[in-house]
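Dear colleague,

Please find the structure below, handed over for your records. A short account of the findings follows it.

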Amino acid sequence: MSDERLRGEWRPGSGSVWVLLTVAAAGAAIFAAGYFGGLGARAAVFGAMLAYPVAAAVALLMVTLVILWWAWSLPASRAAVLASAVAVGVVVAVTIGFVAVRPGPVSPREMPSRSSSEEVRVLAWNVLKGRVSATQRNELIAATDADVVVFPELSPDDPELAAPPGYQVIGGQGSTVTLFVADRLGQYERAEGDATSIFVAVPVSEPASPRIVAVHNPRMTLSAPERWQRGLGLITAACSGPNTIAAGDFNAGRANFHHRGVGACLTSGEETVSGTWPAVLPARLGTTIDHVLATSEWHFAYERALSVDSASDHRPVFAILKRTR
């Protein structure tokens with residue numbers, strides 16, 4: 001091939017590297033706007049990405065590494081190579097910083113003891129289609145002294161349900177989530193007209209006790225994202241009233257509800273729980289899709305993910321709530 005023909009062909013170099021860097025920077029900016037500002041928080045695919053910030057950071061790191069390799073292997077300018085290297089460094093630093101500040105899980109043996117008869121202790125644990133034994137479930141209830149216990153993926157029809165003494169079991173036929181409520185909160189009943197995966201239990205004998213929203217939101221799928229979006233809408237509607245606690249597997253991260261909450265049910269406002277799923281990964285590398293939320297009548301005195309060796313792919317989350325008024 002002649003030199004003249006070579007000079008007539010386009011060969012990638014600095015220009016293509018700068019274009020790729022610009023695209024990567026724009027993608028990072030859009031993700032940051034979603035994660036911190038709520039942009040597209042419940043959009044079908046982008047919303048699911050927001051729930052997995054560590055995975056998104058790793059993906060961005062891989063992209064910047066490819067750009068760096070591209071810049072190094074092509075006749076690109078030193079500025080393009082340097083910019084690519086800086087992009088890799090920034091992504092690595094941000095990822096390490098984000099992972100490092102996330103709190104790890106704690107042992108159930110380290111739970112604070114009950115300090116007041118007014119506090120409500122809440123435990124939520126996806127038990128993977130009932131694969132966690134009743135013995136282990138009840139041992140965790142005893143260790144945390146929980147008043148409200150939400151078990152996503154445990155059916156009320158499970159022959160090994162075996163709730164501990166002193167707890168009322170609330171669910172429904174075909175339900176994918178089961179609620180245990182301690183007798184000290186009074187008698188509860190399930191509100192009519194709720195979905196099988198998200199329902200409200202209301203107090204009938206102690207009006208001052210909180211309404212409880214038991215949550216097992218459907219996971220996001222590309223074939224039916226509207227089920228996930230509809231679930232978040234149901235939780236929002238269920239959290240429209242006062243004196244409400246919502247707990248369970250939301251299949252959504254805090255970024256999906258703007259780090260504040262769903263409806264009137266609010267987060268603790270602090271990143272005190274990390275890595276509830278998948279349990280096979282270190283907690284700091286996982287994502288937090290299991291939550292306890294509460295309306296403004298309650299404040300979080302304690303909130304952590306728990307370290308439990310079990311057959312479940314989720315870590316339990318535990319919170320202690322105290323009345324603000």
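What share of the contacts in the protein with a separation of 6 or more comes from residues 24 or more positions apart? Such residues account for 64% of these contacts, a contact being heavy atoms within 4.5 Å.

This is a predicted model, in which local features need pLDDT of at least 70 and side-chain atom pairs count only at pLDDT 80 or more, while totals for chains, interfaces and linings use all residues. Residues are numbered from 1 along each chain as its sequence is written, and side-chain values use heavy atoms, with hydrogens and water left out.

The protein has seven helices and 13 strands (DSSP runs, H or I of at least four residues for helices and E of at least two for strands, numbered from the N terminus). Of its 325 residues, 50% count as buried (under 20% relative accessible area, with exposed over 50% and partly exposed in between; 1.4 Å probe, protein chains only).

Two sites may interest you.

Thr-178 belongs to strand β4, residues 177–182. Thr-178 is counted as buried because its relative accessibility is 0%. A polar atom of its side chain lies 2.4 Å from the backbone oxygen of Leu-154. Leaving aside residues up to four places away in sequence, Thr-178 touches several residues, among them Val-149, Phe-151, Leu-161 and Ile-170.

Val-86 is located in helix α5, residues 78–101. With a relative accessible area of 46%, Val-86 is partly exposed.

Yours sincerely

Definitions and conventions: Polar contact = N/O pair within 3.5 Å; in protein donor to acceptor, adjacent residues only side chain to side chain.
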